Amino acid sequence: MKVRSHFSTTNRSHLCGSLRLFDAGTSVRLGGWVHRRRNLGGIVFIDLRDRAGMVQVSFDPRYMDPALVEAAGSLGAENVVQVDGEVVERPPDKRNAEIATGDVEVRATSFRLASPALTPAIPVARGKGEQLPSEEQRLRHRYLDLRRPELQANLILRHRLLQATRRYLSEREFLEIETPILTKPTPEGARDYLVPSRVHPGEFYALPQSPQLYKQLLMVSGFDRYFQIARCFRDEDLRADRQPEFTQIDVEASFVDPEDIYEVAEGLVAALWLEAGRQISTPFRRLTYAEAVEKYGSDRPDLRYDLEIFDASEAFRGSEFAITSAVLSRGGRVRGIRIPSGAGLSRKQVDDIEIVAKSVGAGGLIRIKQVNGALEGQASKYVSDRGREALGLLDGDLCLMVAASDSVSSPALDRVRQDVARRMNLVPSDVLSFLWVTDFPAFERDARNGQLSFVHHPFTSPHPDDVALLDTAPERARALAYDVVLNGVELGGGSIRIHDPRLQSRIFSLLGMDDATAESRFAFLLEGLRAGAPPHGGIAFGFDRIAMMLTGAASLRDVIAFPKTTAARALFEGAPSTVPAADLADLHIRAVHASI
């Protein structure tokens, strides 16, 4: 017995894209959009589309009123129609292997035009090889763009990923609890979106950058395990993988250490990838922050290929090469990457790689290659026999090096590593390399004024082995913070939190906050911690980014129903926009327009 579809209503019995050969002989009522129309020898064919896919519908005067066939012949693209008919098997030579319903068609007996449509501003149906309209046009007419099967598939998978998240965490006794959207402004590393209060003149709410403090207070409140599919807002510059409003999977638990968070997080990631049809292995590889930056120049390295950074300082120590001797005398290092078979790269290719290194601050690249047992390159004459051993080159290898402080050479060699891997086709497309990066620095010091700032956020617990450094060398203290990385992309990050109010006040003090300022900004947190807080920690995943990776989309905008542009504008609705002066007056504010 066939099960009645949840989509069956008074006006529809089946989804267009759900029909298969076993439905042959079934009377159906369909509703959808006209994708394409073809008139062939007095018979009209349309491809009728809904969210499940497309099916061919034939309007044949042998089986229906000829006047209706004539009317069907005038249907335009994106007209909404309702069709009654019978599912019939298509002859073997008329089947369409490119669509799931290609073995059948619907022989219409009647139809009605439910809603006419203007000529679409952008095409929904595209021919083979036809380019998409510009992204600006697609965002302006988003309701049309969202009819494309690719975007519908992306959003359907996004839905499934959300449900998989809820299932996985609920099965492990995490409670889904919503936290406020109108919050108190707090410093979390980015600019807040502010919301003026009408009833409290001169006062403002902030839209949350994350639910961080609320989830900590939920642990104080004894809920023990929390999660939320949280909407977050950050007023910062945008790019392809960033939006001003975004969704994160937010998780917190009590009486945990990092190992507990790793286990839950790895299981969640595995569940999401399985929902998308890919099985992954756990546990993930781990590197400390120090190891990741030393070997790969980045705290989110792509480990699908080798090309490790090594210290080449000994190859030049004591030499008369002015570039390296000056750097080594100042306490810097010479670090580089050995590129197997890299000697085959052309001069122009290496010049282009050098441009990449310079774009992030390197002065240039030192180039040495080994060909037929001999070193070649401007710097090769400064390398002694002992230096050759330090370089460790084999015939055909190229070594690209940067002489500088680590703060310069690490990002430069990270970019070199990525560029070389791309040029030499070293990146396998079908490999998933998950990684935990652990033991991040707790603080960083501003090079201009020497002021300490937090690396993650000021609620992260310092590593217990480094608490003594808070008094003597806080910039050397590690944090109990961790990120999970996939193929060079950060999926999420978290930490064990500070649950001792005295330690939290001490951290605020290190960051330059006096007691009065700390109490003004964070009184509600400090009061909660003083009420008795369990040890707790958690993690947050960028859900939009995960959806982007699992769908293979090129941009976050392709997995969000109504995204903003890189200028933070919603083109389809014209936001942001000006508002009447009377509305501003109600909020006790006025707009000041800067001259351009």
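Colleague: How many salt bridges does a search of the whole structure find?
Modeller: This is a predicted model, where local features need pLDDT of at least 70, side-chain atom pairs count only at pLDDT 80 or more, and totals for chains, interfaces and linings use all residues. Residues are numbered from 1 along each chain as its sequence is written, and side-chain values use heavy atoms, with hydrogens and water left out. A salt bridge puts a side-chain nitrogen of Lys or Arg within 4 Å of a carboxyl oxygen of Asp or Glu. The search of the whole structure gives 43.

Colleague: Which residue forms a salt bridge with Arg231?
Modeller: Arg231 lies in strand β9 (residues 225–233), and its partner is 14 residues apart, in strand β10 (residues 245–254). Strands are DSSP runs of E, at least two residues; helices are H or I, at least four, and both are numbered from the N terminus. The closest N and O atoms are 2.8 Å apart, and the partner is Glu245.

Colleague: Which residue in β5 stands opposite Val83?
Modeller: Strands β4 (residues 80–89) and β5 (residues 104–115) pair in the antiparallel sense over 10 bridges. Pairing takes at least two DSSP bridges. Opposite Val83 stands Phe111.

Colleague: Are α13 and α14 roughly parallel or roughly antiparallel?
Modeller: Helix α13 (residues 501–510) and helix α14 (residues 515–530) pack at about 160°, axes 10 Å apart. Axes are lines fitted to C-alpha atoms, for helices over the stretch in contact, and angles run from 0 to 180 degrees between N-to-C directions. Under 35 degrees counts as roughly parallel, over 145 as roughly antiparallel, 65 to 115 as roughly perpendicular, the rest as oblique. So α13 and α14 are roughly antiparallel.
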